[in-house]
Amino acid sequence: MLLRHTPEKITDRNSLTINPAKTCQPIGAMYAALGIHGCLPHSHGSQGCCAYHRSTLTRHYKEPVMAATSAFTEGSAVFGGQANLIEAFQNIFKIYNPDIIAVHTTCLSETIGDDVGQIVRAAHDDGKIPTGKHVIHCNTPSYVGSHVTGFSNMVKGMVNYFAESSGRRNGRINIIPGWVEPSDMREIRRLVKEMGINPIIFPDTSGVLDAPQTGKHIFYPKGGTTVSDLKNTGDSRFTIALGEVASKAAGEALTAKCQVPCHTLDLPIGLEATDRFIDMISKLACVEVPGSINEERGQLVDVITDMQQYLYGKKVALFGDPDQLISLTEFLISIDMRPTHIVTGTPYKGFEERIRSITKDVVPDINIKNGQCADMFLLHQWIKNDPVDLLIGNTYGKYIARDEDIPLIRFGFPIMDRIGHTYFPSVGYKGALRLLEKILSAFMDRQDRDSKEESFELVM
């Protein structure tokens with residue numbers, strides 16, 4: 001109903017975004033910070049910004065998200081927020097006792113020009129940060145980039161503050177998982193351990209944002225990457241950075257700081273991207289791929305083969321984060337579907353080139369929009385002019401799905417009206433199998449709904 005008046009006629013726009021296909025940087029920084037054990041994220045700005053970021057994460061993960069704020073007032077906006085931030089350090093360590101405070105900036109503190117790095121150093125020099133405690137920071141102005149950029153900046157901040165090199169390799173490997181669910185981080189860890197390797201995954205929100213209900217409130221759940229492991233990343237054999245936008249910057253920073261080689265791969269979503277992930281680790285770590293992983297792969301191939309008749313030629317519209325869309329598009333092409341319209345609000349210069357290289361033989365006339373003005377409004381217009389069989393994206397897609405009467409597969413961030421995304425992975429062969437099941441169920445449910453009485457089948 002909300003989008004009923006979206007016109008079919010498409011007009012060029014250069015300075016107006018309508019219903020953006022992204023959120024803002026601090027949300028990503030806050031999410032990444034939650035992946036450190038004993039960490040309290042801190043928003044250097046107004047209370048309203050912090051409340052929005054916390055509520056969005058809470059609605060997606062269905063968990064209470066703790067975060068502090070510098071609580072800017074009119075005076076802070078004029079004279080700067082240094083006094084607020086230093087007072088916040090003292091109060092937070094005294095009252096909430098975290099191991100780490102991870103500070104990210106906001107539009108307001110960036111516009112004022114607060115030098116958070118200098119403020120943190122001054123707090124250290126003045127003894128405002130207790131011995132054994134840590135404060136890290138990153139810059140996340142919301143008027144550039146997106147939540148994925150903020151995630152990337154905070155992970156790079158972890159490298160800048162913690163990574164150390166002793167000159168001796170510890171035999172472990174680093175994996176920067178990108179913006180994925182806690183369940184995905186668990187699955188990545190499981191696959192790597194299945195190959196006999198003990199990885200350092202950072203950040204790691206498993207055990208934090210999917211923690212079990214025990215009847216007791218635990219302010220800092222047992223999950224998250226420890227400070228010790230973050231320091232050890234500088235002695236690892238190599239780093240696998242999953243996703244150009246979310247993870248590559250941190251991997252390259254670690255190479256520059258500690259000479260740990262970094263290899264950037266696509267997120268292991270779907271058959272081929274997972275193959276590349278497994279093959280890369282097997283090759284670099286000099287380990288064999290165990291039969292258990294080959295069996296999982298074989299099961300996925302078997303289901304794809306069996307169900308290909310329901311997937312062939314189906315047209316799909318996608319929106320979300322670029323790292324996820326690249327792997328997802330490749331997976332859809334591999335199961336004979338036709339990605340037709342794709343938008344992502346997160347700026348990434350290589351996005352359109354990657355998507356066109358994946359789809360060139362199947363959908364040469366694909367619609368792609370990235371960055372400024374790549375929004376849900378344009379996606380809706382494309383669908384009106386060239387209808388699709390399926391829409392894949394976050395919760396905000398439900399308005400288009402309802403107006404155009406097309407099935408929606410919820411995928412990406414944020415998903416606020418469903419559960420399961422934090423517990424069931426989308427990465428790896430098992431994740432691909434789950435995605436495939438959701439797609440097939442959407443098509444079969446639609447077929448059941450639309451079938452005439454004489455063609456309504458028990459076995460499909």
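**Entry 1: isoleucine 175.** I am working with a predicted model. I began at Ile175 and looked up its contacts, skipping residues up to four places away in sequence. The list I got was Ile188, Val192, Pro199, Ile200, Ile201, Phe202, Ile240, Leu242, Phe277 and Ile281.

**Entry 2: the cores.** Next I asked which residues touch the most other members of the largest nonpolar core. They are Ile175 and Phe277, in a core of 101 residues. I then checked which element gives this core its largest share, and found helix α17 (residues 428–450), with nine residues. Apart from this core I noted another one, of 17 residues, including Ile92, Val120, Ile129 and Tyr220.

**Entry 3: the largest pocket.** I turned to open space and found about 560 Å³ in the largest pocket. I counted 26 lining residues, with Glu63, Val208, Ala211, Ile218 and Pro221 nearest the centre. By class, I have 15 nonpolar, seven polar and four charged residues in this lining.

**Entry 4: the second largest pocket.** This one holds about 440 Å³. Its lining has 27 residues, and nearest the centre I found Ile409, Arg410, Phe411, Arg434 and Lys438. My class tally for the second largest pocket is 13 nonpolar, six polar and eight charged.

Notes
Residues numbered from 1 in each chain as written. Predicted model: local features only at pLDDT ≥ 70, side-chain atom pairs only at ≥ 80, totals over all residues. Heavy atoms only, no water. Core = buried A, V, L, I, M, F, W, Y, C linked by side-chain atoms within 4.5 Å. Buried < 20%, exposed > 50% of the residue type's maximum accessible area, 1.4 Å probe, protein only. Helix = DSSP H or I, 4+ residues; strand = E, 2+ residues; numbered from the N terminus. Contact = heavy atoms within 4.5 Å. 1 Å grid on protein atoms, 1.4 Å probe; cavity = no way out; pocket = protein on both sides within 12 Å on 5 of 7 lines; lining within 4 Å. Points joined across faces, edges and corners; volume = space filled by probe spheres on them. Nonpolar A, V, L, I, M, F, W, Y, C, P; charged D, E, K, R; others polar.
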